[in-house]
Amino acid sequence: TYLGIEPDHPLAEAAVGLEGIPFYTLRDMETFLDGIPMESENPNIVISTCTAPIVMAQYLAVAQQRGLDITKLKGNILNEPIKAHYTCYTPTSASYKLDLCLKTSGDIVEFCLKNMPRWNPINIQFFAFVYGVDIPTELAIGFGIAEAHIEEALRRGIDIDEIAPKMSFLGPVTTIHILEDIAKLRATRRMWAGLMKEKYNARSPRSWGMRIAVHTGTVDLFPQEPLNNIVRLTLESLAAVLGGCQSLEVCCYDEPISLPTEESSRTSLRIQQILAYETGLTKTADPLGGSYYIEYLTNEIERQTNEVVKEMDDRGGIIGVIESGWLDRKLEESCARYQKELDIGERIRMGVNKFRTPVETQTIVGVHRTPPKAAEIQLNNWRNVKENRDNEKVRDTLQILFNRAQEKKENLMPYILESVKTYATTAEIYGTIREAFGYCYDPLETVESPFKR
């Protein structure tokens, strides 16, 4: 679903049924939402690649099937494909096109602002998902991506005070450098307020405020002695709360080994609940404000970040540093430095390169195992839909989508929605858009287009 390929793709065989929820067609969304009251739920659709409009359209199609007024739906969608290139979702350069990133994301933003006032249409994710990247670079990349989407919205005639209050941010806390992470969140909010006021002349205080969700874990979780990860996750969560996050997402301690088990998922939930209900931390905003060291770190992180921002601006902003390869080189250097620090023991991790125990052969509560027939079930469901749909309608709606996409002017969401309703697959819709933009139908450049245009 993230890549926009069919489950029978030659390069997908080993991945079907292993991770996340597949939304190959509208039928998958219908099945997933069965029994869920969409009118009262507040979902977070976690997809950020260029297939995001298709999954969003599937969600809207189910709402319309139920006779719901989409203007009253509330929720969120990540919808930020630029960073997806660096977080393992796009394995080839062929699948990563910046014009498609801005077009697909901008269409969701514009559509939601006009038709779904209670929906938050974009979430900017900062970059600590990349191993070893320093905080100033992480924040500079995040602000660069945010500005690219703001400029896209402004080009569409959207006012800054329309788009800014609807933007949310995911700021990872993954290093257990508690004081630095607290200062990072404080500096981020201050820089955002300054950016909105000084560069974009935002007038609404809602535009100046920054809604930050924090994602803990991923980078600094390890398979060795996995229960140690519970401590790491707790400390990272503590830093997020002290830094003033609005919401918190805690990884599971066994994620370096497998998909989470029910027990590990409950443990992550309990970390959040204990911090929320047993510690009293939520009674005070910015409890460490005024600490000489926190204030020093906040100022220093802001200063260093502004230096990286200026360097990136001089190189053409986020688009320029990606197209020139500058950003790839910088992130590769960060990854190499991080791994070297682990290997030589300069970056100490208990049970990994310090105070190690004999290799473990099993965990205390076991690990999640994917059911052996999961892939077969997914493939059969997908084949059943394709065999029983009206293929003429599919071709007709996709041809209309192709024609509109070629013009590169109209918002494609209405045409994607019509294609979704015919049970066109995610791959067929995304491939059609790619072809209209002059790119290979298959993001992995392996399968030929099934359509003759």
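The second largest cavity of this predicted model is lined by G106, V109, H149, I150, E152, A153, I163 and M167. A cavity is a set of points, on a 1 Å grid over the protein atoms alone, where a 1.4 Å probe fits but cannot get out, and lining residues have an atom within 4 Å of a point. About 50 Å³ of space lies in this second largest cavity, and a search of the whole structure finds 3 cavities of 30 Å³ or more. A volume here is the space filled by probe spheres set on the points.

Helices α3 (98-115) and α4 (135-155) each supply at least two residues of this lining, and α4 gives the largest share, 4 residues. The classes of the lining residues are as follows.

| Class | Lining of the second largest cavity |
|---|---|
| Nonpolar | 5 residues |
| Polar | 2 residues |

Another element is helix α8 (residues 228-243), which has 16 residues and reaches 23 Å from its first C-alpha to its last, close to the 22 Å expected at 1.5 Å a residue. Helices are DSSP runs (H or I, at least four residues). Several residues of α8 are buried (under 20% relative accessible area, 1.4 Å probe), among them L233, A239 and L242. The buried residues of α8 pack against α6 (178-199), β6 (211-216), β7 (247-250) and α9 (262-277). After α8 comes G244, whose phi is positive, near 95 degrees.

Residues are numbered from 1 along each chain. Local features need pLDDT of at least 70, side-chain atom pairs count only at pLDDT 80 or more, and totals for chains, interfaces and linings use all residues.

Conventions:
Side-chain values use heavy atoms; hydrogens and water are left out. The expected span of a helix is 1.5 Å times one less than its number of residues. Buried means under 20% relative accessible area, exposed over 50%, partly exposed in between (1.4 Å probe, protein chains only). Contact means heavy atoms within 4.5 Å. On a 1 Å grid over the protein atoms alone, a cavity is a set of points where a 1.4 Å probe fits but cannot get out, and a pocket is an open set with protein on both sides within 12 Å along at least five of seven lines; lining residues have an atom within 4 Å of a point. Ala, Val, Leu, Ile, Met, Phe, Trp, Tyr, Cys and Pro count as nonpolar, Asp, Glu, Lys and Arg as charged, and the others, Gly among them, as polar.
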